[in-house]
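Subject: Handover of a structure and notes on its contents

Dear colleague,

Please find below the structure that I am handing over to you. My notes come after it, and I would ask you to read them with the structure open.

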Amino acid sequence: GISGTPFIIVTSTRERAAQLQKEIKCISPKTKISIFGGIGSSIFYRNRKVDQESLAEKLNSIKNLIEYSKDEGKEKTGNPPLFIITSSSLINMVPESKIDGLDLLMIEKGREYSRDELVEWLTLRGYERVHQVYDRGEFSILGDILTVFDITRDYPVRIDFFMDEVEKIKQYDPVEYKDQKEFLVVSLFPNTNLWQFESGSGGSE
């Protein structure tokens, strides 16, 4: 298995990164592997619309790194995360100052949370409250169930409450209307595009 501190593999293309991910998973199935691909094939991406799948993948890499760094003072029993990045992504790196300003929300089974505070956290960090969740960046509340489609995930999660206590956390398929795997803890990432240029930074509207 892989041991030590987190490390990075640089490869030429997104396709090669995906191939390496599969090969390493066969050798070390418990290792959390993230792919950090480029926004596009050109360095002139300032006015380009970022593909949502690529954005989710990149943000998931950052979330995995933040999660690992938060456990820095704890005893680590599992393998450290591994990051496979493409050469084109090296021009899309995120300033450390932006990452330092991010806060993840950790929700654990068996703990108590104020649903009003959860709604406030999601709303202030860019999530949209909807009746039915279908897309990343959306959440809904129906009775004792909070459904959130985290910006870094492929599927939303359903958080079942009993009073203020989290009773179940499950991955949910909104197309098949089926619960999938269950979690003991889930982390939610702010709905943000770290590669979005602010007005006045030189890009056009």
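The notes below begin with the chain as a whole and then turn to its parts.

Please keep in mind throughout that this is a predicted model.

**The chain as a whole**

The protein chain has 205 residues, and 39% of them are buried. Its secondary structure consists of 4 helices and 11 strands. Among the contacts with a separation of 6 or more, 60% are between residues 24 or more positions apart. The accessible surface of the chain is about 12300 Å², and carbon and sulfur atoms account for 49% of that surface.

**The sheet**

An open sheet is built from 6 strands, in the order β5-β6-β7-β8-β9-β10, with mixed pairing. At its edges are β5 (128–129) and β10 (178–182), each of which pairs on one side only. Helix α4 lies across β5, β6 (138–142), β7 (145–148) and β8 (157–162), and runs at about 160° to β6.

Which residues of β8 are on its covered face, and which are on its uncovered face? Val157, Ile159 and Phe161 make up the covered face, whereas Arg158, Asp160 and Phe162 make up the uncovered one.

On one side, β8 is joined to β7 by 4 bridges, and the two strands run antiparallel. Within this pairing, Asp160 of β8 has Ile145 opposite. Strand β8 is also joined to β9 by 6 bridges, again in an antiparallel arrangement. Here Phe162 stands opposite Glu165 in β9. The hairpin of β8 and β9 has 2 residues between the strands, and Met163 in this hairpin takes a positive phi near 60°.

Strand β9 (residues 165–173) is connected in turn to β10 by 3 bridges, and this pair is antiparallel. Tyr172 has Asp179 in β10 as its bridge partner.

**Salt bridges**

How many salt bridges does the structure hold? There are 6, and three of them are described here.

The salt bridge between Glu182 and Lys109 has its closest N and O atoms 3.5 Å apart. Glu182 belongs to strand β10 and Lys109 to the loop between β4 and α4, so this pair ties together parts that are 73 residues apart in sequence. Glu182 is partly exposed because its relative accessible area is 41%. Lys109 also counts as partly exposed, at 38% relative accessibility.

In a further salt bridge, Asp154 pairs with Arg136, and the closest N and O atoms are 3.3 Å apart. This pair links distant parts of the chain, since Asp154 is in the loop between β7 and β8 while Arg136 is in the loop between β5 and β6, 18 residues apart. Is Asp154 buried or exposed? With a relative accessibility of 57%, Asp154 counts as exposed, because the cut-off for that class is over 50%.

The side chains of Arg16 and Glu23 also form a salt bridge, with an N to O distance of 3.9 Å. Arg16 is partly exposed at 31% relative accessibility, and Glu23 is partly exposed at 37%.

Arg111 is placed in the loop between β4 and α4 (115–124). Its relative accessible area of 43% makes Arg111 partly exposed. What does Arg111 contact, leaving aside its neighbours within four places in sequence? Its contacts are Asp164, Glu165 and Val166. Arg111 and Glu165 are 54 residues apart in sequence, yet their C-alpha atoms are 5.4 Å apart in space.

Thr192 is in the segment after β11 (185–188). At 25% relative accessibility, Thr192 counts as partly exposed. Apart from residues up to four places away in sequence, Thr192 touches Leu59 and Leu102. The C-alpha atoms of Thr192 and Arg125 are separated by 7.4 Å, although these residues are 67 residues apart along the chain.

**A nonpolar patch on the surface**

Finally, Met106, Leu184 and Val185 form a nonpolar patch on the surface, and their accessible area together is about 270 Å². Met106 lies in strand β4 (residues 105–108). Met106 is partly exposed, with a relative accessibility of 34%.

Yours sincerely

Note on methods. Residues are numbered from 1 along each chain as its sequence is written. This is a predicted model: local features need pLDDT of at least 70, side-chain atom pairs count only at pLDDT 80 or more; totals for chains, interfaces and linings use all residues. Side-chain values use heavy atoms; hydrogens and water are left out. Patches are made of residues with over 30% relative accessible area and no salt bridge: like charges are joined within 9 Å, nonpolar side chains (Val, Leu, Ile, Met, Phe, Trp, Tyr) within 5 Å. Accessible areas come from the Shrake-Rupley method with a 1.4 Å probe; for residues, only the protein chains shown count as cover. A salt bridge is a side-chain nitrogen of Lys or Arg within 4 Å of a carboxyl oxygen of Asp or Glu. Buried means under 20% relative accessible area, exposed over 50%, partly exposed in between (1.4 Å probe, protein chains only). Contact means heavy atoms within 4.5 Å. Two strands pair if DSSP finds at least two bridges between them. Axes are lines fitted to C-alpha atoms, for helices over the stretch in contact, and angles run from 0 to 180 degrees between N-to-C directions.
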